[in-house]
Protein chains: 2
Amino acid sequence: MIVSALLTSVGINTALCVLFLTLYSILRKQPSNYEVYVPRLLVEGTSKRRSHFNFERLIPSAGWVAKAWKLSEEELYSSSGLDGVVFMRIITFSVKIFTFAGVIGIFVLLPVNCWGNQLQDFDVANFTSNSLDVFTISNINSGSKWLWVHFSAVYVVTGFICLLLFNEYKLISSRRISYFYSSKPQPHQFAILVNSIPTSSSSISDSVDSFFKELYPSSYLSHVVVRRTSKIRSLVNDANNMYKKVAQSRPDPTKEKIKQGAFSRLFHQRNNHIERYEKQLAEIEENVRLKQSEASLAGEARAAFVFFRTRFAAAAAFHLQQSVNPTQWITELAPEPHDVYWPFFSESFIRIWISKLVVVLVSIVFIILFLVPVVFVQGLTNLSQLKTLLPFLTSILTIKFVSQIVTGYLPSLILQLFLQLVPPTMEFLSTIQGYISHSDIEMSATTKVLWFTVWNVFFATAFSGSILSMASTILVPTSIPGKLAIVVPAQASFFITYVVTSGWTSVSSELFRIFPYIVNLITRLFKTPDDEFELPYMPYHKDVPRVLFFGLLGISYFFLAPLILPFVLAYFCLAYIIYKNQFMNVYAPRYETAGKFWPTVHNSMIFSLVLMHIIAVGIFALKKLSLASTLTLPLPLLTLLFNEYCRKRFLPIFVGYSAESLIKKDREDQNDPTLTEFYHNLVDAYKDPALVPIQYSSNNDSLSSPLISSA
Amino acid sequence: MIVSALLTSVGINTALCVLFLTLYSILRKQPSNYEVYVPRLLVEGTSKRRSHFNFERLIPSAGWVAKAWKLSEEELYSSSGLDGVVFMRIITFSVKIFTFAGVIGIFVLLPVNCWGNQLQDFDVANFTSNSLDVFTISNINSGSKWLWVHFSAVYVVTGFICLLLFNEYKLISSRRISYFYSSKPQPHQFAILVNSIPTSSSSISDSVDSFFKELYPSSYLSHVVVRRTSKIRSLVNDANNMYKKVAQSRPDPTKEKIKQGAFSRLFHQRNNHIERYEKQLAEIEENVRLKQSEASLAGEARAAFVFFRTRFAAAAAFHLQQSVNPTQWITELAPEPHDVYWPFFSESFIRIWISKLVVVLVSIVFIILFLVPVVFVQGLTNLSQLKTLLPFLTSILTIKFVSQIVTGYLPSLILQLFLQLVPPTMEFLSTIQGYISHSDIEMSATTKVLWFTVWNVFFATAFSGSILSMASTILVPTSIPGKLAIVVPAQASFFITYVVTSGWTSVSSELFRIFPYIVNLITRLFKTPDDEFELPYMPYHKDVPRVLFFGLLGISYFFLAPLILPFVLAYFCLAYIIYKNQFMNVYAPRYETAGKFWPTVHNSMIFSLVLMHIIAVGIFALKKLSLASTLTLPLPLLTLLFNEYCRKRFLPIFVGYSAESLIKKDREDQNDPTLTEFYHNLVDAYKDPALVPIQYSSNNDSLSSPLISSA
């Protein structure tokens, strides 16, 4: 790829970014868009729908940037919880890394690379004066002593990143502990979820009661048996939809005035509709009630939430194997009540195990099969290949501008569109894997998407999508460094473009929220203004892997092609402002895991480092500086040892709380007079929403529909 | 190797076995050998040293075989604990496997192998009519349909072994649980060991007290801080040695009569000696007392045994992370008091971690470097190679009998002698790895020795000791089945000899106890008859890996060279009788892990199965029956899944006891009046033997030396 193609791509994307930001700053001021751009403020009541027109509303402004910039970590913590803070820390952490690496890369490595003349010597045929490869390590002469600069840079940057990682892990651990200390009594701290309850002659509820009363007579409080409610859930969904239909069809006093003329002829017909709908709704309602009372009597699943008087008792019950048979009475920490994922309540050990195995298998197959579109996209970067493949395009492709767009921009755009499918798919797979909470599902989906991205974007691109070549490399571990050293630097320009197109555009379209905006535009016509709108939740499983992947790109290319660093840094700076703004205005916290996904981030960084080291080993060997290659070998080992130490030092804090903190909290509560009431409410906290009585009284319009957490 | 060489080897070893057994049956009847052959009976008082001579004593008899045969599992359990029972179950389990596999192998596979004529067709040059290879799978024609018989046999035997493994795991788990239920209150059930106690201004003892009193006010009982006693320990050792010297030098009323004449001239000189020794002993004694009182005041290590009122509280303290910082206040289950390994008391998290890493590294280096003697031994099997290497031996080697001994017997004998060094080395390495109990050290040494044996005997022999060839195979995982399929069958005859020489001889020399016998013979002259003799302990770390290795050989060669099966079966039958006899007469249980080493056995069996499957995949591919090769692929996966299930189903039972059983036991004890006294004695139970006051009063002969558990 040549410099002009890169410039085209950078130009287009900068323009797009500016366009998005400008549009955003105008659109967010329109009251009709408040639901899209400032839903949080709307719900909190700080932003009112001003209906009077104001000329100022049409002028783009940058006030939101300043506001987002000023948002302190404490404010973020109080509004979006620790998860929001930890997410932002990924970004600030990356900014620090790439500022440091960027300075080294641009002011030290880049000049050294340009100084070399390997490419001029050997590659004269293909060499064009503006090839980007001049800026990469490929341009350094074989055996050149200048490579020691790269060698030192690798060591220095690894040390710096490890230091930062350690501090960050430490800081987030301590935040997590202080979050726990400052938290009020919460139902999930006193509860565990038990599954694989053995079936006996008595009911599940009775056996749970007798089992835990026997074991923990003083600390056992009560329990709630999970019930099979999939049928009721679909009925409740039907009822909700029907209710919406009725509500929409019903004459609306505000809209009536405007639309009276147009719809007057349909009025009578609509009245008939309403009657019919209301009748149906009443039927479904009756049916739901019937099924609910049935389920309350029968339909017990082999799982239950068990409540204890103290946090310590709950934790002990979680950590110790309860039953003599380790596959029965399996305990898990209970998720927060609104975090519980009710639909797929896996009941038995063997089913959970098998579903986990199947999902892992399916995920692997999915990841591998996804190479097909990736290969196609890769074909696009190779213009001559494209011409032979699709000969009718030849005439268009000869136009310089078109060909530059096709090679420089189109591939990563198409890849990007395909990749949109991945997070939902992975979330679905995690859903059926047997996790019991939304947070666990998202966390598992995050890991899957991350693996997917690393494999299908990084490695597939590096190996030009040849599964065979990838497989043969992986199956011969010793050949990995050498192979990577050849293929990875070759794709430097693609990944620079990727950062620009995928990174910059995705983050600014995140701000612009294009899909929600369109959806809002369409539904606005059919909605009654009183309709509840749900606050959107931050899609961690989509955004965390993306942010981490740019970190991986930056780290692994840092010494190969330092030119990528400014682009990566720009991405993270953009992300810093935009995500802060989104946390402030758009996303509501759905649950609080207290930064439980940080270990994933840490592991991903360690993976990036080790990948960089492996490439370095290969590159130095390739450049015939075998001493440097050998001396790089301890680096991945040291990094892995460092990781192992961090795992021992910090990971337990992310799994459960220590006896010390649990007992301290329990003791604080002892004198709390509200605790009796809290105990009393525990049972109600974990109630399957499908079993909450519904009522859409057809006469009573003011009753809003109960909030049903749908699948 | 040809049949006659095998027969030579079998002949020699059968003769040796018979010799050992005959000698044993005579020698064990001599009262002077009771300490070697029936020390347990001697201690229990069932066997008395009959001093009157009896002619019967010189006639070999087989009565002990019948006695050993009759010993029931319950008797074994009561005399040697659950560990003894589990060890014997390894052998009975193996007998079952190899009876089943033997029937299939000898009556189905062997005729099929002989039926083939691959070797006659292709190998006429090297073919001698009595080559053992005719009985192996190598003789089957390429692409022959008869290979499906082997294919089915692999599936059937795998299924049979997995079924047995499952039943055995289940049975041992339930034995373990019922052992726990039937056990009396034992100190280690109520104790945990805490290490990495943070140092503060107050003493360790105070901070342990305040920490656990704060956390568990109702269940915390007391604690014992571990003290640094390495100096005292060496002093105590000195004192013991000195005491022995004094005791030996002192005039002995019984021996005096016999030796009076011979030694009367030395009498005066000896008296001087005694006086000097006694003076020295008194000095050391004084020194020990001084150091002991010093250590009691200072010298606290950062570790302590902490005692609780209930088993459940101790288990909860073990399972939950205690401190907010996971690298402090690390808890372990306490070992039995006499199982504690006092000398190397690792105190801090980081030291334990580093020593573990270093030991793992050293073990790996040791395992790899050990290939050198193995390579030399392998050279011996190749006669022509030996002749070029050591030309002066040519004349001797041309004698047929000598050459047959050299090729058939010597290699495995030398290997065997070298291998004697391994268990002590591995035990030493495990010792410095930071384990706190003899049982853990032995368990870890068992695993190391097992890996050592698999690598240095199985793989090194298979690859003829070429590290390069081994490394290149391992580094290219796809080539493993093909490589193994070539090299493993080629060594069939070596391993048959190995079973005969190493297996048969080692197990019968185990009975004969050659080293203890010689030691006894030498020391008997210098010992006073009242001298205490220590009961020997079963060296599990030596015998378990050996028994398992023969299982591995049998399983992996079962379909390649079924001829190995009768020899393996004979080994296990011999082992069955001999180990039963040894448990009854010789070995005392040193500690009770309640069969905690069974998971190692299970894993080893799974490894053997997967190894067999990998070889099968390679063999079928090599024999050009690729369909069978492909159809074998699911087998290792299924086996690993089965293993994973067993891990989930049974392994937790071997790690700790369930809350259900702990609480049940605690409740049983509630009304036990002796419990107060038991609590009172807990502190004394975990007392460093180096701190026990010593007294060798020079005037008082009747005081026996205190039993010091030496390293």
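Predicted model: local features only at pLDDT ≥ 70, side-chain atom pairs only at ≥ 80, totals over all residues.
Let me start with chain A as a whole. Chain A has 711 residues, and 43% of them count as buried. By secondary structure, chain A contains 31 helices and four strands. If you take the contacts in chain A with a separation of 6 or more, 84% of them join residues 24 or more positions apart.

Where they touch, domain 1 of chain A puts in 26 residues and domain 2 of chain A puts in 29. Which elements give two or more residues to the domain 1 side? They are α13 (349-369), α20 (438-462) and α30 (659-669) of chain A. Of these, α30(A) gives the most, with five residues. Sorted by class, that side of domain 1 of chain A holds 14 nonpolar, nine polar and three charged residues.

Next, the contact between the two chains.

Let's finish with two helix pairs. As a reminder, packed helices are described by the angle between their axes and the distance between the axes.

The pair in chain A is α5 (residues 73-115) with α7 (residues 147-182), packed at about 165° with axes 11 Å apart. An angle over 145 degrees counts as roughly antiparallel, so that is how α5(A) and α7(A) run relative to each other. Their crossing is right-handed. The contact of α5(A) with α7(A) is made of 19 nonpolar, one polar and five charged residues.

The pair in chain B is α4 (residues 63-70) with α26 (residues 564-585), whose axes come within 8 Å and cross at roughly 85°. That angle is why α4(B) and α26(B) are described as roughly perpendicular. From α4(B) we have B:Trp64, B:Val65, B:Ala68 and B:Trp69, and they meet B:Ile577, B:Lys580, B:Asn581 and B:Met584 of α26(B). By class, this contact comes to six nonpolar residues, one polar and one charged.

Notes. Residues numbered from 1 in each chain as written. Chains lettered and ligands numbered in written order. Axes fitted to C-alpha atoms, helices over the stretch in contact; angles between N-to-C directions. Parallel < 35°, antiparallel > 145°, perpendicular 65-115°, else oblique. Left-handed = near helix turned anticlockwise from the far one by under 90°. Nonpolar A, V, L, I, M, F, W, Y, C, P; charged D, E, K, R; others polar. Contact = placed C-beta atoms within 7 Å. Buried ≥ 20, exposed ≤ 12 C-beta atoms within 10 Å, placed from the backbone.
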